[in-house]
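Subject: Handover of a structure and the findings from it

Dear colleague,

Please find below the structure that I am handing over to you. My findings follow directly after it.

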Amino acid sequence: MKKAKWYLIPIIVLALFIAVMQGLYFYFTPQPVRENFPRQIETLKKDILASHWETASGDLNKLEQTWKKIIPGIQLHAEKDAIDNIKINLGRLNGSVKAKDQGNALSELGEINEHWNNLTN
Amino acid sequence: MNEGLVVVVRSIIGFFTLLIFARVLGRQQISQLTFFDYVLGITIGSIAASLSVDLSSRAWPHWVGLLTWTAAVFLLQLVSIKWRQAFNYLVSEPTVVIMNGQIMEDALSSIRYTTSDLLGQLRDKGIFDLNQIGFAVVETNGKVSVLLKPEFLPVTPRDMNIDPQANSLSTELIYDGVIIESNLEKAKVDRLWLDSELNRLNLRPSEVFLATVDGDKKLYVDSYRDRIV
C-alpha cells in the first residue's frame, strides 16, 4: 500500500498538470460567462448588420466585460499572443463601431470569432 | 492577462515535471556518452525554460517535448539493460588501449583518442610511469580505467596475512538536534544507551548536529559547538 502511494502521488501530480495545460482552469469560469462570449459576438454582428450603432456600442461594452471575466480562466493554457489578439481586435472594433464603419466592424468581429475558436479548441 | 502569475504556474509545472522525470530516470548515467549527456542536459533545460517563460506559445507542446525526450532516454536505458548488442551499436563499447604495458595504437586511433588525452587521464589518476600499467581501458564516457601490474598495486591486509575487522555502515541517530527514532531500532540501540553516551560527552540531543553509530556501537558525535584547535 505504501509503495502504491509513492507511485500514485507523481501520477496524480502529472495528471493535474496535464489538466491545467489542457484548460482545466477554464472550466472554473462559470458556464454562463463561457457561453456568453460567442453569443454576444452573434448579437453584436446582428446589430452591426442592421446598423443599430447605439445598441451595438452597448453590446460591445458587454462583450468587453465578458472577455475580462474570461481571461483569468484562459490565461494558464492559452498563448499570450492569442489573448492579446482578441484585446487588439476589441480595440479596433470599438473604433469601427464609433465610426459606424460596417465593413471593418464585421471584419474585426469575424477575426475575434476565429481567435475564440482557436482558444477553445 | 496576469503574466507574472502565469509564469509562476508554468514554472511550478516545469520544475515538478523535471523532478518527477529525473526520479523516473534514476541514477544511471544516461548513456555513458559525455558529450551526448551534455547536449541532452542543454536540450531538456532549454525546453523546460521555454515551458516556464515563453508565453508566446502554449505550455502543452513544451511539456510534450520534455516527456518525449525523457521517454527516449528511458527507452535507451531499457535497451542497455535488455539488449546488450543494440546498446553497443548505439553507444559503442569500452576499448582496451594498453595491454600488458603496450599501447594499442590502432585501438587509440579507432576511437579517435590521442596519446596526450590518454597520458593526461593517467596523470590525473596519479600514474606518471607507463611501466606500471598492466591494462588501460577507455570507457564509453571517455574516462580511462587502469589496472596496474601486480607489483605496483597497493598492499592490502590480505597480502600481510592480517585479518581485519569487518566494517559496517553507519546509521544516523541524530540530525540537526532531532533524534531519529526509527534508526535507533535499526542500529539495535535504545534511547537509554544514547542518552548515557551523550551524558559522557556532556551533551544534550538538541546540542548535537550529527550523531552516527556503526556496527560496533561506536558513536560519532558532531555538536554545534565546534572547537578548532
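Asp176(B) counts as exposed, because it has 9 C-beta neighbours inside 10 Å and the limit for an exposed residue is 12 or fewer. The residue is located in the loop that links β5 (171-175) to β6 of chain B. Although Asp176(B) is not a glycine, its phi is positive, at about 55°. Most residues other than glycine have a negative phi. Please bear in mind throughout that this is a predicted model.

A positive phi also occurs in chain A: Lys100(A), likewise not a glycine, has a value of about 55°. Lys100(A) lies in the loop between α4 and α5 (102-120) of chain A. Is Lys100(A) buried or exposed? Lys100(A) counts as exposed, since 11 C-beta neighbours lie inside 10 Å.

The sheets of chain B

For β8(B), the pairing with β7 (residues 208-213) of chain B is antiparallel and extends over 5 bridges. Within β8(B), Ser223(B) stands opposite Val208(B).

Further strand pairing involves β1 (residues 95-99) of chain B. This strand pairs with β3 (residues 133-138) of chain B in the antiparallel sense, over 4 bridges. Ile98(B) has Ala136(B) in β3(B) as its bridge partner. β1(B) is also joined by 2 bridges to β2 (residues 102-103) of chain B, again running antiparallel, and here Met99(B) has Gln102(B) as its bridge partner. β1(B) and β2(B) make a hairpin with 2 residues between them. In the turn of this hairpin, Asn100(B) has a positive phi of about 50°.

Chain B as a whole

Chain B contains 8 helices and 8 strands. The chain is divided into domain 1 (3-88), domain 2 (95-152) and domain 3 (171-223). The centres of domain 2 and domain 3 of chain B, taken over C-alpha atoms, are 46 Å apart. How does the radius of gyration of chain B stand against that of a compact globule of 229 residues? Chain B has 26 Å, whereas such a globule would have a value near 17 Å. The C-alpha trace of chain B spans about 70 × 60 × 40 Å along its principal axes. Of the 229 residues in chain B, 14% are buried. Among contacts in chain B with a separation of 6 or more, 51% are between residues 24 or more positions apart.

Where the chains meet

In the contact between the two chains, 16 residues of chain A meet 16 residues of chain B. On the side of chain A that touches chain B, α1 (2-21) and α4 (80-98) of chain A each supply at least two residues. α1(A) gives the most to this side, with 6 residues. By type, the residues on this side of chain A divide into 10 nonpolar, 3 polar and 3 charged.

Arg58(B) is of interest here. Leaving aside neighbours within four places in sequence, Arg58(B) is in contact with His77(A), Ala78(A) and Glu79(A). Arg58(B) lies in the loop between α2 (34-53) and α3 (59-82) of chain B. Arg58(B) is buried, because 21 other C-beta atoms lie within 10 Å and the threshold is 20 or more. Between Arg58(B) and Ser116(B), 58 residues apart along the chain, the C-alpha separation is 49 Å.

In soluble globular proteins, nonpolar side chains tend to be buried together. The largest nonpolar core in this model has 17 residues, and those with the most contacts inside it are Leu44(A), Leu60(A) and Leu109(A). Two or more residues each come from α2 (31-49), α3 (53-74), α4 and α5 of chain A. α3(A) provides the largest share of this core, 6 residues. Leaving aside neighbours within four places in sequence, Leu60(A) is in contact with Leu44(A), Leu93(A), Asn94(A) and Val97(A). A second, separate core has 12 residues, including Ala48(B), Leu51(B), Trp63(B) and Leu66(B).

With kind regards

Terms used:
Residues numbered from 1 in each chain as written. Chains lettered and ligands numbered in written order. Predicted model: local features only at pLDDT ≥ 70, side-chain atom pairs only at ≥ 80, totals over all residues. Domains from an automatic or database assignment. Pairing = 2+ DSSP bridges. Contact = placed C-beta atoms within 7 Å. Nonpolar A, V, L, I, M, F, W, Y, C, P; charged D, E, K, R; others polar. Rg over C-alpha atoms; globule rule 2.2 N^0.38 Å. Core = buried A, V, L, I, M, F, W, Y, C linked by C-beta atoms within 7 Å.
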